[in-house]
Structure formats: C-alpha cells, structure tokens
Amino acid sequence: MSEENVELARAALAAFAELDEGLVGPDRVAEFFAQDPITTFSGFLEERTTLHGTDEFLEFRAAWMEPYDDFSYEPAKIVDAGANRVVVILHQRGKPHDSDSWVKMDYGLVYTVEEGLITRCDFYATPQQALEAAGLKQ
C-alpha cells in the first residue's frame with residue numbers, strides 16, 4: 001500500500017500545480033483528500049494553526065501566495081514513511097511584489113493516508129522536522 005500512498009501524494013501535488021496554472025478547479029484537488037481533512041502547521045507560523053477541509057486550506061494557501069508576483073514550489077523528495085504516511089520535502093521560492101529579490105525556503109509535510117485518500121497534512125518548518133515527525137532520520 002505504501003507505493004500507492006506515494007503516488008497519491010505525487011498526484012495531489014500535481015493537481016495543486018494544475019490549479020495554480022488555471023488548468024483545473026478546486027474540485028480536482030479535493031479528489032485526493034478525505035471529506036474533512038485536517039491541516040496543521042508546526043513551527044511554521046507563530047501560533048499553531050489547524051485548518052479543516054480543503055476549502056479552508058485553499059483559502060489559507062491563496063493568502064500565503066498573494067504577496068508574490070512570481071511564486072513556485074516543487075517537491076524535492078517524496079518518501080514512503082511506512083504504515084499510512086508519506087513525507088514530502090518541498091522547495092519554495094517567490095518574488096515579492098515590487099521586489100527584485102527572491103525568497104526561498106525548504107520545508108516538509110507529512111501526509112496521512114486512509115482508505116486511499118489524504119486525511120491529514122502536517123506542515124513542518126524544516127525537512128528534518130517532517131522526517132523526524134514521521135519517525136525517519138535523515
């Protein structure tokens with residue numbers, strides 16, 4: 001089942017990229033998630049934030065990307081963490097409005113998969129934190 005979970009994570013990330021390019025709507029992204037997925041941010045934001053459902057996450061995501069004229073992210077690594085979890089290491093970069101500089105960061109997330117759908121997504125400020133949270137060492 002773990003290879004299927006990795007492929008599910010890969011497909012969900014591809015759907016987000018298609019959404020960003022205007023090729024699909026939010027319903028395409030929602031296909032990969034359970035009815036009311038939980039999203040958390042640990043060490044990412046000053047206060048712990050928990051979002052419920054894909055709509056809340058998409059609203060948060062749009063606000064996260066809004067300050068940038070140019071924004072991109074790509075999975076640097078997708079790792080089977082055993083059982084029902086997948087770790088995704090992402091590289092993000094963005095060029096803020098009215099700036100010639102780029103802001104870059106690497107961070108991690110852990111997807112929890114149940115019955116072929118993502119039920120939970122936990123974001124971590126560093127790839128190492130995500131790997132450790134999933135019980136993996138780098």
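Is Arg28 buried, exposed or partly exposed? Arg28 is partly exposed, with a relative accessible area of 31%; buried means under 20% relative accessible area, exposed means over 50%, and partly exposed lies in between (1.4 Å probe, protein chains only). The model is predicted, so that local features need pLDDT of at least 70 and side-chain atom pairs count only at pLDDT 80 or more, while totals for chains, interfaces and linings use all residues. Residues are numbered from 1 along each chain as its sequence is written, and side-chain values use heavy atoms, with hydrogens and water left out.

Side chains of opposite charge can pair when their charged atoms come close. Here a salt bridge is a side-chain nitrogen of Lys or Arg within 4 Å of a carboxyl oxygen of Asp or Glu, and the structure holds five of them. One of these joins Glu18 to Arg28, with the closest N and O atoms 3.9 Å apart. This pair links distant parts of the chain, ten residues apart: Glu18 lies in helix α1 (residues 2-20) and Arg28 in helix α2 (residues 26-30). Helices (H or I, at least four residues) and strands (E, at least two) are DSSP runs, numbered from the N terminus. Arg28 also meets Glu31 in a salt bridge, at 2.7 Å from N to O. Glu18 is partly exposed at 28%, and Glu31 is partly exposed at 48%.

A further salt bridge pairs Arg120 with Asp122, whose closest N and O atoms are 2.9 Å apart. Arg120 counts as partly exposed at 30% relative accessibility, whereas Asp122 is buried at 8%.

The nonpolar residues come next. In soluble globular proteins, nonpolar side chains tend to be buried together. A nonpolar core is a set of buried Ala, Val, Leu, Ile, Met, Phe, Trp, Tyr and Cys residues joined through side-chain atoms within 4.5 Å. The largest such core has 30 residues, of which Phe16, Phe33, Val88, Tyr111 and Phe123 touch the most other members. Elements giving two or more residues to this core include α1, β1 (33-42), β4 (85-96) and β6 (117-124). Helix α1 supplies the largest share, eight residues.

Val88 shows some of these surroundings. Leaving aside residues up to four places away in sequence, its contacts (heavy atoms within 4.5 Å) include Ala9, Leu13, Ile78, Leu109 and Tyr111. A second, separate core of nine residues has Ala81, Ala130, Leu131 and Ala134 among them.
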